[in-house]
Each structure stands twice: as structure tokens, then as C-alpha cells.
Amino acid sequence: MPGKSPWKMAVGATAIALLAAGCGSGGSDDSSSASNTVVIGIGEPQHLIPTNSTESNGSEVLASLFYPLVDFDAQNNPVPVAAESITADATSTVWTVKLKSGFTFSNGEPVTSDNYINAWNYGAYGPNGQGASYFFERIKGFADLQSKDPDGEEGPQKAPEPKAKTLEGLKKVDDTTFTITLSAPFAGWESVMGYSAFYPLPKAAWKSDGVLADGFEDAIIGNGPFKLKGKWEHDAQIVVEKVADFKGTVPKIDGITWKIYQDQQAEYADLVAGNVDVQTTIPIESLAKASADLGDRFKKSPNSTFQFVGFPTFQKEFSDVRVRQAISMAINRQEITDQIFLGSQSPATSFVSPVVAGYRENTCGDNCVYNPTKAKELYTAANGPKEMKITYNVDGNHKAWVDATCNQIKASLGINCVGGEEPKFADLLSKVEKKQPVGLIRLGWVMDYPLMENYLGPLYSTGGSSNYYGYSNPTFDNLVKEGSVAKTPQEAIAKWQAAEDILAKEMPVIPLRNGQNVFGYSTKVNNVNVDLFQKVDLYKIEVVG
Amino acid sequence: MFRYIVRRLLQMVLTFFGATFLLYALVFANQKDPIQALVGERPVTESQRIALTQRYHLDEGFFMQYWYYMKGLLTGDFGTSLTGRKIVDMMADAWPVTLRLALIAIVIAATFSVTVGVYSALKRGGLFDNVSLVITLVLLAMPIVVIAPLFQLIFGIQLGWFPPTATRDATVWQLLLPAIVLACIVIAPEMRVTRTSVVENLRADYVRTARAKGLTRMRVIWVHVLRNSLIPVVTLIGVDLGGLMAGAIVTEHVFNIPGVGFNLARAIRTEDGPLVVGFVSILVILFLFINLLVDLLYAALDPRIRYE
């Protein structure tokens with residue numbers, strides 16, 4: 001059989017190659033469990049350029065790499081951090097930021113006004129397509145940095161270059177001072193600057209003026225207490241280590257491994273097995289056993305998530321306020337938060353989240369109290385529709401509670417209610433845009449900065465960015481605006497509360513639930529706090545022993 | 001032989017282009033609003049929409065988009081994902097770990113099913129044969145979406161025998177549990193086919209002849225019978241690679257392995273056309289090569305098969 005031996009060799013060689021490949025890159029088991037570092041689970045961040053990051057995974061990592069201008073105290077009032085002072089003129093239009101001196105980026109560059117101004121200009125410039133660009137909307141000259149497609153998205157013409165490349169409202173005074181001019185007065189501006197979009201970028205970030213250097217995002221350099229060790233290992237981990245001689249508040253830990261998970265249940269398995277130290281969101285599937293698995297290392301804290309359903313104004317069957325009140329009263333919120341969310345969310349009875357200053361309990365009043373008898377009376381009197389639906393996106397785990405809510409409505413009002421399924425949120429939005437009858441729209445909101453205005457403005461103002469249902473009330477709009485230009489926070493809150501009272505009367509949406517952080521940690525760490533933005537407090541967490 | 005391989009390779013080129021075209025068309029037809037899908041439920045600003053639309057040519061027709069894609073592909077550029085990462089980099093990150101996972105799974109599945117299959121064929125009708133039949137039925141009845149979390153819970157968390165998750169730089173040890181899970185979906189058919197095939201061949205004339213010649217029982221079974229019985233099994237293993245890749249989507253999700261399955265699932269969720277097409281194209285090539293390899297293995301196993 002001499003002819004066959006090459007075959008045997010080929011097969012044998014293949015087998016050896018396969019085995020070698022299988023065993024090849026093993027042995028990289030560098031568990032540094034003895035050191036003063038922690039492992040925190042996150043999802044893959046979409047972006048790490050501050051002005052492009054709008055989700056919690058990215059902002060968690062950025063919080064370790066950057067030092068913000070302002071942070072928030074226990075009452076959610078802004079406190080200057082990297083800034084020495086932030087002052088406004090009498091009308092709250094021109095804001096002066098004085099930076100603390102002596103701060104550097106982790107590559108040694110001093111932090112100057114230019115670092116802020118350049119980064120913000122980049123973020124605001126339309127063609128850069130930065131996700132968080134809307135944070136700069138209030139700054140004077142923002143409109144000049146945007147371009148409009150002359151013949152709509154489908155048309156053949158390209159959008160022209162914007163008029164300007166830099167924001168008119170940003171002016172450098174000296175190396176540590178700069179001013180921000182807003183296009184309209186806004187008393188809450190200091191709080192807005194607490195968001196990650198307002199971090200500075202070092203000179204090393206730029207290839208040329210307004211153009212980011214290639215690969216900067218994967219090896220980002222910040223002004224924070226930690227710096228990247230190596231690069232962003234996509235879908236695997238981001239390792240950060242302590243910056244030596246950091247001038248600001250120094251964390252108690254020496255480093256963090258941001259371990260990236262695709263699935264929160266896998267992350268939970270690792271938390272129980274001790275491979276990850278902190279999980280900020282324990283998935284609902286694992287909640288039932290979390291107390292048993294973790295004991296008192298399973299905790300809850302408030303966050304800003306606000307879940308609600310909106311009535312599209314183009315659907316006339318909901319135009320009678322009694323119909324909206326009746327549907328709201330027909331829903332037993334407590335039962336749903338207990339049975340379906342296992343206490344991980346709490347019933348909402350107001351139109352803003354409890355985490356903002358100025359929140360009052362139960363502004364919704366009787367309208368948000370479960371009362372099937374009264375609901376039925378109101379509904380019959382108003383001759384509400386015999387059929388309705390609640391439309392939601394299937395990819396967001398909403399089916400269980402939407403069906404439960406529908407069942408409650410059915411039982412209370414004696415009408416038919418079904419869940420309308422749309423594959424994605426975008427499908428839902430496009431139906432709403434075309435004014436197709438979608439029934440109630442499932443919506444949620446997470447705040448950007450802790451002010452009532454961040455709920456009232458985007459959600460209920462005329463033309464608000466997330467006011468998909470089209471609610472419009474000029475009196476309400478005026479009150480929100482008056483609050484925004486008020487001189488003191490107290491005055492602002494008074495105006496905003498008056499605006500919220502209008503919502504309670506008109507019920508443009510039904511408040512359903514407020515979110516909570518349900519988090520857990522391993523025996524290795526202590527002092528774990530998760531804040532309103534679903535971020536771990538990196539300055540408090542410490543390693544045990 | 002050489003001409004045969006060249007012909008097959010040429011066919012591959014055609015298949016590859018056909019497959020990418022079909023894929024691109026399917027993804028394009030399914031694509032509604034990738035920009036909104038990218039940001040989730042946040043509102044998209046007008047200027048961001050314009051910028052992204054122009055960057056990814058989303059406003060142009062299907063053929064223009066396909067043309068841009070092919071132009072890049074022919075120069076070795078798989079394009080950029082909608083998240084801004086180079087797809088080549090993403091593939092370089094994802095493929096090695098998935099291939100290792102699949103290989104370990106294939107080795108486990110093949111070793112286990114051939115050994116058990118042969119043994120139960122020899123002890124046909126005995127206790128071992130019946131027990132293995134029941135095990136096969138149980139495995140067949142359990143879909144991978146059940147097996148994966150179940151094994152993770154039992155062996156990873158409660159017993160603590162294996163690490164419950166793996167990462168990209170996973171060791172063989174970390175990949176063992178996911179590989180066993182993955183192997184479970186292909187073990188059952190491979191084992192049954194081995195058994196049937198061996199049973200059939202045991203009765204063949206050449207086996208009687210070999211025995212009559214006075215060969216030892218071991219030599220008859222392992223050389224004469226097994227070699228002839230392996231042809232259908234090898235075909236099956238080749239085909240099973242597809243099943244393994246499909247199973248990898250679930251397994252990688254459960255065990256947190258950032259491989260091909262994970263990337264595909266994410267790409268489909270975010271309507272990321274170039275990413276889907278890129279990964280599946282490589283998957284197509286892989287399939288074609290495995291099939292070629294299987295066909296060539298026939299010749300190695302059965303001298304009567306010759307390719308011209």
C-alpha cells in the first residue's frame with residue numbers, strides 16, 4: 001500500500017494541527033487576586049470618546065478615566081470637582097469655569113481650557129456624528145455647526161458643510177479659565193456639565209484640528225484617577241490602573257478590570273462563582289435566587305429610570321381625559337412590580353423620577369391609584385374605546401408586563417386589550433411618525449442630568465426630543481421655560497412643580513414604574529455603592545483585608 | 001486529483017460571490033433604521049443622522065451599496081461596522097476562539113461517539129447498547145438552549161468543577177465545558193450512525209473472509225470494519241460543523257465567549273449589514289473547505305474512490 005501513505009500523513013498532520021490550534025493560546029491565566037484591584041462587570045461600550053458615549057457601559061469606564069468638572073452630592077446638587085469654581089452672570093447666560101491648576105492628563109500633559117474647548121467643539125460639530133452632541137445644544141452657535149440635508153435623507157444632494165467649525169459661545173480667557181455663553185438663559189447648566197460629554201481631551205487626541213487621531217479611542221487618555229493599561233480589548237475587557245500622584249480625590253483601589261459580558265446571566269454566574277466582584281444590574285431571571293446566593297451582598301439603590309406609556313394625540317379615542325384617567329386607574333402597579341419585576345422596580349406615582357430635587361410623591365393623585373370600580377364608571381361615562389392595545393418593542397423584554405397590564409385593564413374595564421408587538425423600537429417610532437393607530441406607546445427614560453427639567457423638557461414639552469406621542473400645552477411649556485431661567489434652584493423647582501401639576505390633570509402619559517439598581521458584589525469588596533446613573537462609586541469601593 | 005481540487009476551488013469562488021450577494025440582499029431587505037437600532041431608544045439628532053447616513057452610504061440604493069462593499073472586499077477591506085470598528089479587526093478577535101471551541105467540541109464528539117458507537121455495535125442488544133440508546137434519546141430531546149445554562153449551573157456554579165464563563169483568551173480548560181455542551185448536540189446522531197454502520201459491516205463478506213484468514217478480532221474490528229464504517233460518520237462530522245456554528249450562538253452567549261456566534265447575534269440585532277455579511281462570508285468559505293476536506297477524506301478511507 002505505498003500509494004496511501006501520503007494520505008495517512010495528511011490526515012495525521014491535519015489532526016496534529018487541529019490539536020495544536022486547540023491548545024495553542026492557552027496558559028494566559030493571570031489571576032491577580034492578591035492585589036488591591038477589583039473586577040467590575042459591564043457590557044461592551046459602544047464608544048469611549050466622551051462626546052460619543054450615551055450609554056451606561058461607556059460612561060462607567062469613562063468615569064474611571066476622567067475627572068469631571070462637576071459631580072453631585074447626596075442631594076444631587078452639583079459640586080465643582082475638576083473646576084475650582086463655576087459661576088454664572090446675573091441672567092444665567094454666561095458661565096465662567098475656572099479650572100483647578102496642577103492637574104494633568106495621564107500622559108503628563110497639563111489640563112487647560114483648550115482641552116475642554118476643543119473636545120466640546122468636536123462633539124458639537126454635526127458631521128462628526130457624535131451621539132452626545134445634543135448636550136451642546138444650549139451653547140450659543142450650536143446651530144451653525146449643523147448642516148441640513150437640502151432635499152431630505154432620500155434625496156441625491158449631499159448636505160452642505162456647516163457654517164462654522166467652532167462654537168461661538170466657547171471663549172478661552174486664559175489657560176485655566178474659559179466662558180460658556182448659552183443661547184438662552186438656563187439656571188441648571190452647571191448640572192448639565194456633570195455628564196460625560198463634557199470631559200476634556202488631551203492634545204494627543206488630535207491628528208489635526210478637529211480630527212481625532214486614528215486609534216485614539218482604543219487607547220484613550222483622560223484626566224482621571226485611572227489610566228488604561230494596554231488597550232481596549234473589545235468584547236473582552238478594559239483594564240485600568242491607578243495614576244501615580246493623582247491631584248484629585250484618590251480612590252482606595254489600585255486598579256479596575258472592566259470585564260465585558262454579553263449576557264447579564266453569564267455575569268451573574270461569575271459573580272456567584274467569585275470571578276467578578278461587582279455586578280451593577282442583576283438580571284430579572286436571577287433575582288429570585290439572588291438573596292439566597294449573595295445574602296446581604298445583594299443590594300438595591302434608586303436610579304433615574306422612569307417607565308411609562310404615552311397616549312398618541314393623533315388617536316382621537318384617547319382625547320377625553322376621563323378615558324386616560326380610567327385606564328391609569330385600571331392598572332395595579334404594585335402587583336406588577338411585585339410579581340413580574342420581583343421588587344426590582346417600584347410603582348411610579350409622579351411624572352418625574354424620585355431622584356431629582358423637587359420630586360413630590362404621588363403628584364398623579366387618585367389617577368395613579370388602583371381603583372377598578374371608579375375606573376369602570378369613568379370609562380363608561382366617557383364612552384371609551386372597546387378595544388385598545390399597548391405597543392412595545394419585542395427586543396426589550398417587555399412582553400410579560402405589557403400582557404399583565406393588558407389583563408388588568410381587561411379585568412377592570414371589561415374591554416379588550418392586546419399587546420402590539422413591534423420587532424424594534426425604530427419600527428414602533430416609524431409607525432408613530434406615520435400616525436398609524438398603535439394604541440398606548442411603551443416608553444422609558446433615563447435622565448442625563450439630575451434636574452426635573454430633564455424629564456419635563458424632553459418628555460412633555462412641545463417638540464421635546466422624546467415626546468413621541470405629541471403632547472403639547474403652551475402653559476406647560478412656558479412654566480418649564482420660566483423654571484429654566486429662574487435665578488435660584490428653589491424658584492426653578494417651584495415653576496417646574498407647577499408644570500408637573502398640569503400633567504397630573506391632563507394625563508398625557510401613564511406613569512408606571514421607577515427603576516432601581518439591583519446590584520450584588522463578591523466577598524472580596526466592600527463599600528459598594530451604585531449611583532443614580534448606574535455607576536459604581538469608584539472613590540468609595542475598597543478591597544477587604 | 002489536482003484538477004479535481006482546482007475545479008472545486010473555482011466553484012468556491014462562484015459560490016462565495018453568490019452567497020455574499022444573497023446575504024447582502026437579505027440584510028438590505030431586513031434593514032429598516034440601523035441608525036436608530038444603533039442608539040437604542042435615545043432620540044437621534046438630525047446632524048448625527050446625516051453624518052452616519054453619508055458615512056455608510058445608507059441613502060443610496062441596494063446595488064450602489066453592494067458595489068461599495070464588493071469594491072472594498074476585492075481590495076481586502078471588509079469595511080467598517082456601524083459602531084466604527086474595522087470588521088477585519090473584529091474577525092481577527094472573534095474567529096480564533098470560536099474555531100478553538102468548535103475543534104475541541106468536534107474532537108470530544110468524534111472520540112466519544114465513535115468509541116461508544118463501536119462498542120454498542122459489538123454488544124448489540126446488550127445492556128450497554130440499550131443504555132447508550134436512552135442517553136442518545138435524552139440528548140436529542142434537549143435543545144442547546146436548555147443544556148447550556150443547565151450545565152453551567154450544575155458543573156460551573158453548584159459543583160464548581162469548571163469555570164462558569166470563558167473569555168477571548170480562554171484556556172482549553174475554560175473552553176471544555178462549553179465544548180462539551182456544544183458536542184452534546186452532535187454526539188447523538190454521530191453515535192447512532194457509527195453503531196448502525198459498524199453493525200452492517202460486521203455482517204459483510206470481507207469480514208468473514210478476514211476472520212477466516214485467521215486475523216485477530218482486534219485487527220478485524222479496528223482496521224477492516226471501522227475504516228469502512230467511518231465514511232458516513234466523516235460526512236456527518238463535516239455537516240455537523242454547521243450545527244456547531246449555529247449552536248455557538250447560544251453557547252457563546254451563555255458562557256460569555258466573544259466569538260463568531262456572539263458577533264453575528266449582535267450584528268443582526270443592530271442591523272449592521274457589513275458585519276453580518278463579513279462573518280457569514282467567512283462561514284461560507286469555511287463550509288466549502290470542510291466539504292472539500294470531507295470529500296478528500298473519502299478517498300483516504302476508501303481506495304476505490306478516485307477523483308479525476
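A crossing of two helices is left-handed if the near helix is turned anticlockwise from the far one by less than a right angle, and right-handed if clockwise. The model is predicted: local features need pLDDT of at least 70, side-chain atom pairs count only at pLDDT 80 or more, and totals for chains, interfaces and linings use all residues. Residues are numbered from 1 along each chain as its sequence is written, with chains lettered from A and ligands numbered from 1 in the order in which they are written.

Helix H5 (residues 264-273) of chain A and helix H7 (residues 144-158) of chain B have axes that come within 10 Å and cross at roughly 25 degrees. H5(A) is therefore roughly parallel to H7(B) (an angle under 35 degrees). Their crossing is right-handed. In H5(A), A:Ala269, A:Val272 and A:Ala273 meet B:Gln152, B:Gly156 and B:Ile157 of H7(B) (C-beta atoms, placed from the backbone, within 7 Å). By class, this contact has four nonpolar, two polar and no charged residues.

Helix H2 (residues 56-65) of chain A is largely enclosed by the rest of the structure, because nine of its ten residues are buried (20 or more other C-beta atoms within 10 Å of the residue's own). Among them are A:Glu60, A:Val61 and A:Leu62. The cover over the buried residues of H2(A) includes strands E1 (37-42), E10 (226-228), E11 (237-242) and E12 (255-260) of chain A.

An unreviewed UniProt entry lists "transmembrane region" for several spans of chain B, including residues 99-122 and 171-188. Residues 99-122 of chain B are 100% helix and 0% strand, with end C-alpha atoms 34 Å apart. Residues 171-188 of chain B are 94% helix and 0% strand, and their end C-alpha atoms lie 27 Å apart.

Definitions and conventions:
Axes fitted to C-alpha atoms, helices over the stretch in contact; angles between N-to-C directions. Helix = DSSP H or I, 4+ residues; strand = E, 2+ residues; numbered from the N terminus. Parallel < 35°, antiparallel > 145°, perpendicular 65-115°, else oblique. Contact = placed C-beta atoms within 7 Å. Nonpolar A, V, L, I, M, F, W, Y, C, P; charged D, E, K, R; others polar. Buried ≥ 20, exposed ≤ 12 C-beta atoms within 10 Å, placed from the backbone. UniProt positions renumbered as here; feature names shortened; annotations may be inferred.
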